Amino acid sequence: MAEERTDAQGGRVTLHAIAAEAGVSVSTVSKVLNDRADVSADTKERVEAVVEALGYRRRPARRRGSVVDLVLNELDSLWSVEIVRGVDEVLHAAGASMVLSAVHGRSADTREWIDQLAARRSSGAILVVSDLTPQQRRRLAALDVPFVLVDPVGHVDALVPTVGATNWAGAVSATDHLIDLGHTRIAHLAGPRQLLCSRARADGYRATMERAELPVPAGFVPHGDFNDTSGRRATARLLDDLAAAGEEPPTAVFAASDLQALGAFEELRARGLRIPEDVSIVGFDDLPVARWTHPALTTVRQPLFDMAAMAANTLLRIIDGEHVENLRVELATRLVVRASTAPPAPADGGRPAPGTTEERAAANPSVCPGQAAEIDSTGLVTARQSGRP
């Protein structure tokens with residue numbers, strides 16, 4: 001039976017619309033609609049009130065026995081774990097099964113995966129891969145297998161559904177934060193040059209530095225991969241090159257991923273530099289580990305779980321034969337301020353400006369000790385317990 005998703009005016013009601021109206025994530029709406037226990041009573045009541053007000057009609061259990069492929073480039077990262085969690089949450093609630101594959105960036109593995117998908121007659125696929133060639137896309141189309149791309153790498157056909165994040169805006173918020181603290185020598189540990197998300201973050205950094213009329217010296221944007229080893233190597237290369245040229249090191253570093261930031265932590269500490277007293281660091285992703293580093297990592301939250309959940313919901317709608325109007329979705333990023341950033345130390349070697357969590361909390365009455373400040377794209381500052389997701 002087809003699900004009716006219309007409001008009183010005959011317009012389509014989507015999970016995204018319910019989430020926006022209730023002020024929660026799409027995954028939270030999915031949990032409420034599927035009667036999950038891990039939602040607070042107040043949140044459940046608020047979501048259900050919006051569901052009733054918008055006239056959203058729920059269908060019974062659906063797609064029992066369907067198989068959906070989730071294909072990632074790599075499986076050995078915390079980033080991938082968040083994607084898997086988001087997809088599994090939605091598929092499990094819908095009664096569908098997930099087949100997990102890794103292609104490791106090799107086209108041969110991708111071809112093998114498509115052969116396996118055809119053999120098991122999968123209902124659809126969620127792709128989080130380095131690249132998908134036009135030939136591979138045509139083969140998926142020939143197999144009549146719908147797919148959704150998460151965080152697409154390069155140019156994507158306008159008719160292909162994609163879910164991403166506001167990478168450029170996130171980079172702007174990270175760089176603005178460091179500039180607002182008083183930093184003028186800010187380096188950027190960039191990700192792979194071929195990835196759209198990496199280029200968007202580097203462009204956001206450069207645009208913000210240019211707007212503030214701050215220079216980006218040669219060598220201040222070393223490229224690498226999104227892992228900790230790459231982050232450490234890029235930091236070492238940056239510092240060594242500057243020392244060889246007789247130039248001052250940066251007082252702040254914006255890393256294109258949390259893992260790169262953790263690699264920077266290692267290299268800076270190995271050289272006897274303190275964080276944030278000597279160098280402030282901002283990451284990107286807000287992986288769970290970011291809250292438990294010492295000091296806790298200031299980072300840009302990329303809603304990986306929600307991105308994956310939205311991709312899964314979109315794919316299930318396509319499998320159901322629904323028309324998906326909004327094929328390009330970008331979820332908002334959010335700056336989360338923790339203890340790894342502080343004003344630069346004064347040139348005279350005196351006591352740094354307030355930089356500890358407690359000192360910055362005292363300077364900002366909206367953030368209490370033990371909390372992290374969250375700054376959205378409007379500049380609004382809110383606070384939350386740093387030990388909670």
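## Packing of α4 against α11

Helix α4 (residues 78-94) packs with helix α11 (residues 304-319) at an angle of about 40°, and their axes lie 7 Å apart. This angle makes α4 oblique to α11. The crossing in which α4 passes α11 is right-handed. The structure described here is a predicted model.

On the α4 side, the contact comprises W79, E82, I83, R85, G86, V87, E89, V90, L91 and A94. These residues meet L304, F305, A308, A309, A312, N313 and L316 of α11. By class, the residues of the contact of α4 with α11 are 12 nonpolar, two polar and three charged.

## Packing of α7 against α8

For helix α7 (residues 167-180) and helix α8 (residues 196-211), the packing angle is about 40°, with the axes 7 Å apart. Helix α7 is therefore oblique to α8. The two helices, α7 and α8, form a right-handed crossing.

Helix α7 contributes N167, W168, A171, V172, T175, D176 and I179 to the contact. From α8 come C197, A200, R201, D203, G204, Y205, A207, T208, M209 and R211. The contact of α7 with α8 divides into nine nonpolar, four polar and four charged residues.

The predicted structure contains two cavities of 30 Å³ or more. The second largest cavity holds about 40 Å³ of space.

The lining of the second largest cavity consists of T235, L238, L239, P250, V253, L268 and V279. Helix α9 (residues 228-244) gives the most to this lining, supplying three residues. In terms of residue class, the lining of the second largest cavity has six nonpolar residues, one polar residue and no charged residues.

## The second largest pocket

The volume of the second largest pocket is about 660 Å³. This pocket is lined by 27 residues, of which N73, E74, W79, L195 and F226 are the closest to its centre. W79 also belongs to the residues of α4 that meet α11.

Helices α4 and α8 each provide at least two residues of the lining of the second largest pocket. Helix α8 gives the most, with three residues. The lining of the second largest pocket includes 13 nonpolar, eight polar and six charged residues. Both helices named in this lining also take part in the packing described above: α4 packs with α11, and α8 packs with α7.

Terms used. Residues are numbered from 1 along each chain as its sequence is written. This is a predicted model: local features need pLDDT of at least 70, side-chain atom pairs count only at pLDDT 80 or more; totals for chains, interfaces and linings use all residues. Side-chain values use heavy atoms; hydrogens and water are left out. Axes are lines fitted to C-alpha atoms, for helices over the stretch in contact, and angles run from 0 to 180 degrees between N-to-C directions. Helices (H or I, at least four residues) and strands (E, at least two) are DSSP runs, numbered from the N terminus. Angles under 35 degrees count as roughly parallel, over 145 as roughly antiparallel, 65 to 115 as roughly perpendicular and the rest as oblique. A crossing is left-handed if the near helix is turned anticlockwise from the far one by less than a right angle, and right-handed if clockwise. Contact means heavy atoms within 4.5 Å. Ala, Val, Leu, Ile, Met, Phe, Trp, Tyr, Cys and Pro count as nonpolar, Asp, Glu, Lys and Arg as charged, and the others, Gly among them, as polar. On a 1 Å grid over the protein atoms alone, a cavity is a set of points where a 1.4 Å probe fits but cannot get out, and a pocket is an open set with protein on both sides within 12 Å along at least five of seven lines; lining residues have an atom within 4 Å of a point. Grid points are joined across faces, edges and corners, and a volume is the space filled by probe spheres set on the points.
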